[in-house]
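Dear colleague,

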Amino acid sequence: MIPKSVGAYSEVSRQLLLQSSPSADALVQTDLAAVLATAVDLAVLNGSGAGGQPLGIIGTAGIGGVTGTSIAYAGILEFQSDTAGGNALFDASGYVTTPVIAALLKARVKFTSTASPIWEGKLLEGSVDGYRAMASLQVPTGDILFGDFSKVILAQWGVLQVEVNPFANFQAGIIGIRAMYSVDVGVRYAAAFSLATSVT
């Protein structure tokens, strides 16, 4: 793995800092850190591996695949049998998909004419067949990813750096705030993951 850096930048006025409580610069720093965390989350799940971006789980060679068309309970079980076939079904495994697909799975039942939704619990964080399930906008539209996310290495070089430039626009009293983070992603066991695309 090699460092791949992501950054975010914002500016605030001197007047805003004088007038604000709580401190505007602290709010901006928190927002910048959240932007970088979202970017890293996207890179872990679906990084392209090109243009300075890490290669995420979805693009990693050797992960399993499940047919997503008209997915039902049998398809959900196929994720588990797929990873088990690679000797990589671990107790810490879980499902991650989009909120739209999570809602679809909440509306579908495991067994006909019963109150047995495939996705149980809250829309953004629930469970599917005893495994943790989460919904995120970082997952590509129509995808479900299953696996043990502890089998992914997020390498960091240094820490999240937040720096302030009090002279971003000296004449206008504008202060620049920059956040930078250097990371890379490595999937330890590709067989621990299985993906369904174009889920309907």
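**What was found**

Helix H3, spanning residues 73-85, contains 13 residues and reaches 18 Å from its first C-alpha to its last, which is close to the 18 Å expected at 1.5 Å a residue; please bear in mind throughout that this is a predicted model. Within H3, the buried residues are Tyr73, Gly75, Ile76, Phe79, Gln80 and Thr83. The helix is followed by Asn87, a residue whose phi is positive, near 55°.

Turning to the sheet, seven strands form an open arrangement in the order S2-S10-S7-S3-S6-S5-S4, and their pairing is mixed. Strand S2 (64-67) and strand S4 (119-121) stand at the edges and have a single partner strand each, so one side of each is left without a neighbour in the sheet. From one strand to the next, the twist averages 30°. Strand S5 (residues 125-128) and S6 run antiparallel and are joined by four bridges; as one detail of this pairing, Glu125 has Met134 in S6 as its bridge partner.

Two residues in loops deserve a look at their backbone angles. Asp129, found in the loop between S5 and S6, is not a glycine and yet has a positive phi of about 50°; its relative accessible area of 21% makes Asp129 partly exposed, given that buried means under 20%. Ser113, which lies in the loop between helix H4 (99-107) and S4, is likewise not a glycine but has a positive phi, in this case of about 60°. Ser113 is exposed, with a relative accessible area of 77%.

The largest pocket has a volume of about 280 Å³ and is lined by 16 residues, of which Leu45, Val96, Arg132, Met134 and Phe149 lie nearest its centre. The elements that contribute two or more residues to this lining are helix H2 (24-46), strand S3 (94-97), strand S6 (131-135) and strand S8 (152-169). Sorted by class, the lining of the largest pocket comprises 10 nonpolar, four polar and two charged residues.

With best regards

Definitions and conventions:
Residues are numbered from 1 along each chain as its sequence is written. This is a predicted model: local features need pLDDT of at least 70, side-chain atom pairs count only at pLDDT 80 or more; totals for chains, interfaces and linings use all residues. Side-chain values use heavy atoms; hydrogens and water are left out. On a 1 Å grid over the protein atoms alone, a cavity is a set of points where a 1.4 Å probe fits but cannot get out, and a pocket is an open set with protein on both sides within 12 Å along at least five of seven lines; lining residues have an atom within 4 Å of a point. Grid points are joined across faces, edges and corners, and a volume is the space filled by probe spheres set on the points. Ala, Val, Leu, Ile, Met, Phe, Trp, Tyr, Cys and Pro count as nonpolar, Asp, Glu, Lys and Arg as charged, and the others, Gly among them, as polar. The expected span of a helix is 1.5 Å times one less than its number of residues. Buried means under 20% relative accessible area, exposed over 50%, partly exposed in between (1.4 Å probe, protein chains only). Two strands pair if DSSP finds at least two bridges between them. Axes are lines fitted to C-alpha atoms, for helices over the stretch in contact, and angles run from 0 to 180 degrees between N-to-C directions.
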